[in-house]
Amino acid sequence: LVRAGRPLVKNVAGYDLPKVFVGSYGTLGLLTDVTFKIVARPRHQQSIVVPVNDLAHGLTWGSQLLHVARTASALVLTRGIPVDGLVSPYALVYTAEGHEQDVAAEMAQVQTILQRAHAPVPLALTPSGTTLWVNLLRDVPPHALALRVGVAAKDVTKWITHQAILLEPHTYLVDIPSGLVYAVAAFDEARAAHRWLTALREPALASRGYAVVMQMPSEWESVIDWWGYRPDTLDLMHALKARWDPAGILQSTRFVR
């Protein structure tokens, strides 16, 4: 029985056991009592969406907007996620949150940059960029693979451009400031999904990034590796697993081998 953390702002001295458990995907123990930190809603939120017909243009405009992103809570490029009133294949979404004056000033800078880049006129967007991300991961079809790719933020444009042929038939979202790509692809059988995943995973690993599976049918686990790499800390992870779950009964298929 382990108790860690307290309902205080600063509650960690030594090993941060709550983060260890949360990041272990249920492989180390069961959480029976949880204290959450509650964050108030922002005073003001505003989102715009830019119709994008060409992937390269969308990535370029997104990179340019990074220079003014101060109150931005989302700067994402999406494909295949429904947005009301949008018919273009891609959507560049910018959401800013905070004090109303700060949000207004930042959005004015965003509009100026887009005008100088000759981008289409942005549309007001009701859902935020975060909402689109939630919708993508919430609505994963039964026979589909949900994938998260992480590369250095400076490399994400290059990675997306090189993998565009593999990604285009499917739904995905690029978190431009974070260097993260979330993709959802449906397949008839596990081996086709494995080939697609491997083709995306290898260049991500070559860039010192990763490509991990977030969701897939349980019957695919014999063919597809959730993680796709062996971290340097694997010996330590195995030691923790052996100490806290010696019988190996907790989510053994999700543990890195």
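Arg 195 counts as exposed, at 54% relative accessibility.

## About the model

This is a predicted model, in which local features need pLDDT of at least 70 and side-chain atom pairs pLDDT 80 or more, while totals for chains, interfaces and linings use all residues. Residues are numbered from 1 along each chain as its sequence is written, and side-chain values use heavy atoms, without hydrogens and water.

The whole structure holds five salt bridges. One of them joins Arg 79 to Glu 168, with the closest N and O atoms 3.5 Å apart. This pair links distant parts of the chain, 89 residues apart: Arg 79 sits in strand β2 (residues 72–79), and Glu 168 in the loop between α6 (164–167) and β6 (171–175) (helices, H or I of at least four residues, and strands, E of at least two, are DSSP runs numbered from the N terminus).

Arg 138 and Asp 139 form another, at 3.1 Å between the closest N and O atoms. Here Arg 138 is exposed at 55% relative accessible area, and Asp 139 is partly exposed at 47%.

## The sheet

Eight strands make an open sheet with antiparallel pairing, in the order β4-β1-β3-β2-β6-β7-β5-β8 (two strands pair if DSSP finds at least two bridges between them). At the edges are β4 and β8 (210–215), each pairing on one side only.

Strand β1 (residues 44–52) is joined to β3 (residues 90–98) by nine bridges. Ile 48 has Tyr 94 as its bridge partner in β3, and Val 50 has Leu 92.

## The nonpolar cores

The largest nonpolar core has 51 residues, and those touching the most other members include Leu 92, Tyr 94 and Trp 196 (a core is a set of buried Ala, Val, Leu, Ile, Met, Phe, Trp, Tyr and Cys residues joined through side-chain atoms within 4.5 Å). Helix α7 (residues 190–206) gives this core its largest share, seven residues. A second, separate core has 17 residues, among them Val 49 and Tyr 182.

Definitions and conventions: Buried < 20%, exposed > 50% of the residue type's maximum accessible area, 1.4 Å probe, protein only. Salt bridge = Lys/Arg side-chain N within 4 Å of Asp/Glu carboxyl O.
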